[in-house]
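The points are grouped by topic.

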Amino acid sequence: MNFARKLSLLLSLALFLSLPLGAAFAQDIMDPATFGLQEGKPYDGTHLDFLICCSTAPQFASAAVKGAEEFTAMTGISVTFGDIPFGSFQEQLYLEATNPSTDFDIVAFVDAWGTNIYDFLYPLNDFVADAGFDWDDYGPAYQSASTGNSDTIYGLPFRGHPLLLFYRQDVFDAVGVDVPTTWQELSEVSQAIVDSGMDIDPIAMYYGVNVDQNLFNWYSHLWGAGADIFDDNWEPAFNNEIGVAATEQYVSYVRDGYSPEASVTYNESEANQEMIQGRAAMFVGWWWYASRVFASELPEVADNAAFAAAPGWEGGSAASYGYLWPVGVLAQSDNLEASLEYLKWLLHPITERRIVLDAEDSALDTNVAVRLSILADEEVNAAHGGLQGVASAVLADARTIPLIPEYTQVIPILAETINEISIDPNADIQGLLDIAAEDVRFVMQAAGYYDG
Amino acid sequence: MRKKRWVPWVLVAPALVVVFATTIYPLLAAFYYSFHKYDLRKAPQFAIQFASQAGDPLISIDWSLLSLRNYTLAFSDSRFINSLNVTFWFTIISVGLSVVIGLFIAVIVQKPGRLQTLTKILLIFPFAVSPALKGYSWRYMLNDQYGIYDLLAVELLIKPVNLIIELLNHLPLIDITPINETVVWLADRFWALFMLAMSETWGWAPLIALMFVGALGSIDAQIFEAARIDGANRLQIFFRVTLPLLRPVILIVTMLKAIFSLKMFDQVVTMTGGGPVRATQTINYYIHQVGFVRNLDIGYASALAYILVVILTVFSALYVAKVLNRE
């Protein structure tokens with residue numbers, strides 16, 4: 001028997017022996033009991049509409065596609081994803097949630113937006129208890145974002161994002177610098193890159209007023225330095241001495257020439273493109289951008305891109321914004337029970353793990369997971385180069401923004417002020433923050449937060 | 001034969017139903033909401049209540065729920081005042097550029113010829129592009145790293161000007177600062193608004209050119225011939241004959257374009273996001289923010305919308321009067 005024949009026999013034997021294992025695994029994810037789903041397809045034929053965003057983003061597309069057929073096979077429930085572009089998602093969310101006769105049953109929402117629709121969401125506390133959901137498997141920032149810092153669970157963590165620093169290892173090696181762990185070190189590294197004469201911007205920040213994304217890293221600076229948006233009495237506190245210092249540091253990247261001049265108009269995606277297209281050595285953004293950075297068509301970017309925890313404040317903390325898309329069920333849904341059945345499956349650790357491990361289709365490849373157990377999973381980390389482990393460390397210090405309905409009115413005031421400060425190199429930071437604080441106070445006063 | 005009077009009504013009924021449902025009803029409803037405190041998140045309390053039990057009057061009105069608060073608030077709202085200001089300047093710039101460039105194009109392509117015919121056909125395409133897409137395209141084309149418009153502006157305008165400045169600086173007593181070659185168009189308040197208006201002009205000027213081509217074609221050629229015989233040169237013919245004869249059409253086109261400019265929304269969302277700071281927040285954009293994104297205050301948003309309706313009505317009335325007068 002020659003070697004080739006022996007080998008083919010061995011392979012056939014191995015394949016034969018692995019069949020029962022495969023069948024067992026396939027049976028596992030096809031068994032309703034695995035996910036705590038009800039036996040006997042009591043909701044067979046029910047159709048659910050899921051209001052969700054951005055089919056071109058793998059983090060959403062993968063959740064929509066991977067395993068959906070199996071869920072339908074197990075339960076008879078079919079789900080349609082109402083794909084809305086991010087730019088118009090907020091208004092669509094509000095219009096559908098407040099519409100008593102909406103077709104939508106399930107909604108995914110940005111944490112800050114959810115505060116305006118809490119009254120229209122079905123409380124999930126009983127569901128979490130009855131379905132055996134391990135609430136402690138979510139980090140504190142995600143728990144806060146799902147409850148609006150109350151006792152009511154309005155949504156369950158679905159897609160969640162810590163801030164990571166993406167950088168070019170080859171640039172760092174050429175310049176001879178280490179990965180910055182604080183914003184102050186980031187400035188030093190940036191200066192070193194400038195001094196080296198390399199034809200690359202040290203960092204691509206995003207200060208544009210477009211969709212308010214210029215606040216994401218500002219929060220990290222503010223909280224890291226020890227300031228906050230509000231004090232305990234809901235008075236604006238971002239304009240105190242620490243807040244001014246944090247804002248100064250935040251806009252210093254463009255003022256000192258480390259970030260492109262045009263970054264005062266960039267949104268997060270445009271800043272990310274600067275790194276993907278090889279024009280910037282660093283980018284601080286949500287971790288889901290990893291797949292875009294590593295898929296860059298430029299080999300010098302794809303082969304040398306690396307990631308680390310977003311920097312913290314020197315002598316302060318590494319607190320950053322843990323950005324969450326919870327998923328909830330609309331109280332007016334005609335298919336409440338079937339919707340909860342879907343959540344059991346969608347948010348189950350097996351489903352979450354499966355989504356994040358399945359890299360077969362690059363268009364659906366995502367690193368996004370929200371459960372601490374999945375973030376600590378060795379196989380998951382091995383598949384993504386340890387990304388989830390770093391994310392987990394960031395999330396340990398992460399927090400969420402003020403979850404009050406008025407905050408959607410406060411956001412543009414802050415975003416426009418940060419934009420104004422970044423545009424004008426001679427802007428009076430203290431003066432502009434003071435004006436913003438007055439405007440914010442006006443909003444809060446009108447909402448009845450203060451006596452008199 | 002006896003005329004059946006109801007037949008015309010039956011024939012127009014479907015159209016009337018559609019117009020009522022999509023235009024009249026929303027207009028009336030928004031007008032009604034504008035006098036109420038109507039928060040999208042809360043169950044609204046409206047002044048007009050319909051009878052729920054037999055014996056009640058068919059309709060009762062609770063006057064205490066009606067208020068002019070939303071209208072008075074509007075004129076003390078600095079953000080709304082800003083949006084009025086932005087919309088005013090946007091309208092001036094976009095209407096001015098669209099009409100002037102449209103007229104310029106029309107004069108060039110009005111003469112018969114194959115190339116002109118092809119150009120006339122191609123002219124309609126920019127108008128066919130969706131406004132939202134226009135905004136995205138312009139945002140990318142103005143990018144200082146890879147934007148084609150930025151490249152053209154720097155290479156064809158700023159660099160030649162800087163070359164002249166450099167030469168002039170060799171002369172004694174002259175010291176002119178060169179223009180910054182890395183203009184971030186959308187970071188500057190004026191340029192952002194100007195470029196927003198340019199994106200609108202890009203779509204409208206060709207359409208306006210086609211309107212002018214039609215108007216130019218309707219002018220009797222003998223008038224131009226007579227002017228030439230009287231010794232007028234091309235410029236004199238244009239300014240003393242063509243322009244005066246086009247004046248009614250120019251007025252109509254200006255008013256029509258002004259109506260559309262006052263409603264500016266799509267490109268603000270996709271091109272500037274209202275920035276830098278608040279420099280491109282038009283009235284429509286601000287209304288949308290108040291009603292559906294930030295405050296969810298439908299009552300206040302309705303009042304703001306009605307202020308815009310009043311402005312638009314003035315322009316529309318002038319437009320209709322002019323058109324009817326012309327006919």
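Chain B and chain A bury about 2600 Å² between them, and 47% of that area is on carbon and sulfur atoms. The model is predicted. Where chains A and B meet, 29 residues of chain B are in contact with 32 residues of chain A.

**Interface between chains A and B**

- The size of an interface is often given as the accessible area lost when the parts come together.
- Chain B and chain A are joined by 5 salt bridges.
- In one of these salt bridges, Arg294(B) pairs with Asp212(A), and the closest N and O atoms are 2.9 Å apart.
- Between chain B and chain A there are also 13 residue pairs in polar contact, counted with both residues at pLDDT 80 or more.
- Helix H10 (266-272) and helix H11 (283-293) of chain B each supply at least two residues of the side that touches chain A.
- The most comes from H11(B), which gives 3 residues to that side of chain B.

**Open sheet of chain A**

- In chain A, 5 strands form an open sheet with mixed pairing, in the order E2-E1-E3-E8-E4.
- Strand E2 (78-84) and strand E4 (156-161) of chain A are at the edges; each has a single partner strand, so one side of each is left without a neighbour in the sheet.
- From one strand to the next, the twist averages 20 degrees.
- Strand E3 (residues 106-108) and strand E8 (residues 323-329) of chain A run antiparallel and are joined by 3 bridges.
- Within this pairing, Ala108(A) has Val327(A) in E8(A) as its bridge partner.
- Helix H4 (residues 86-97) of chain A packs on the sheet, where it touches strand E1 (47-53), E2, E3 and E8 of chain A.
- The direction of H4(A) makes about 135 degrees with that of E1(A).

**Strands E5 and E6 of chain A**

- Strand E5 (residues 163-168) of chain A runs antiparallel to E6(A), and 5 bridges join the two.
- Phe166(A) stands opposite Phe283(A), which is in E6(A).
- Strand E6 (residues 282-286) of chain A is mostly covered, with 5 of its 5 residues buried.

- Ser146(A) is part of helix H7 (residues 140-147) of chain A.
- Its relative accessible area is 1%, so Ser146(A) counts as buried, the cut-off being under 20%.
- A polar atom of the Ser146(A) side chain lies 2.7 Å from the backbone oxygen of Tyr142(A).
- An α-helix has 3.6 residues a turn, so residues three or four places apart point the same way.
- Beyond its neighbours within four places in sequence, Ser146(A) is in contact with Trp135(A), Thr152(A), Ile153(A), Tyr154(A), Gly155(A), Leu156(A), Pro157(A) and Leu324(A).
- Glu341(A) lies in helix H15 (residues 336-346) of chain A.
- With a relative accessible area of 2%, Glu341(A) is buried.
- Leaving aside neighbours within four places in sequence, the residues in contact with Glu341(A) are Leu37(A), Gln38(A), Tyr43(A), Phe71(A) and Ile77(A).

**Ends of helix H8 in chain B**

- Asp220(B) caps the N-terminal end of helix H8 (residues 221-229) of chain B.
- In this cap, a side-chain oxygen of Asp220(B) lies 3.0 Å from the backbone nitrogen of Gln222(B).

Conventions:
Residues are numbered from 1 along each chain as its sequence is written. Chains are lettered from A and ligands numbered from 1 in the order in which they are written. This is a predicted model: local features need pLDDT of at least 70, side-chain atom pairs count only at pLDDT 80 or more; totals for chains, interfaces and linings use all residues. Side-chain values use heavy atoms; hydrogens and water are left out. A polar contact is a pair of N or O atoms within 3.5 Å; within protein, one must be able to donate a hydrogen and the other to accept it, and residues adjacent in sequence count only if both atoms are side-chain atoms. Helices (H or I, at least four residues) and strands (E, at least two) are DSSP runs, numbered from the N terminus. Two strands pair if DSSP finds at least two bridges between them. Axes are lines fitted to C-alpha atoms, for helices over the stretch in contact, and angles run from 0 to 180 degrees between N-to-C directions. Contact means heavy atoms within 4.5 Å. Buried means under 20% relative accessible area, exposed over 50%, partly exposed in between (1.4 Å probe, protein chains only). Buried area is the accessible area (1.4 Å probe) that two parts lose on being put together, summed over both. A salt bridge is a side-chain nitrogen of Lys or Arg within 4 Å of a carboxyl oxygen of Asp or Glu.
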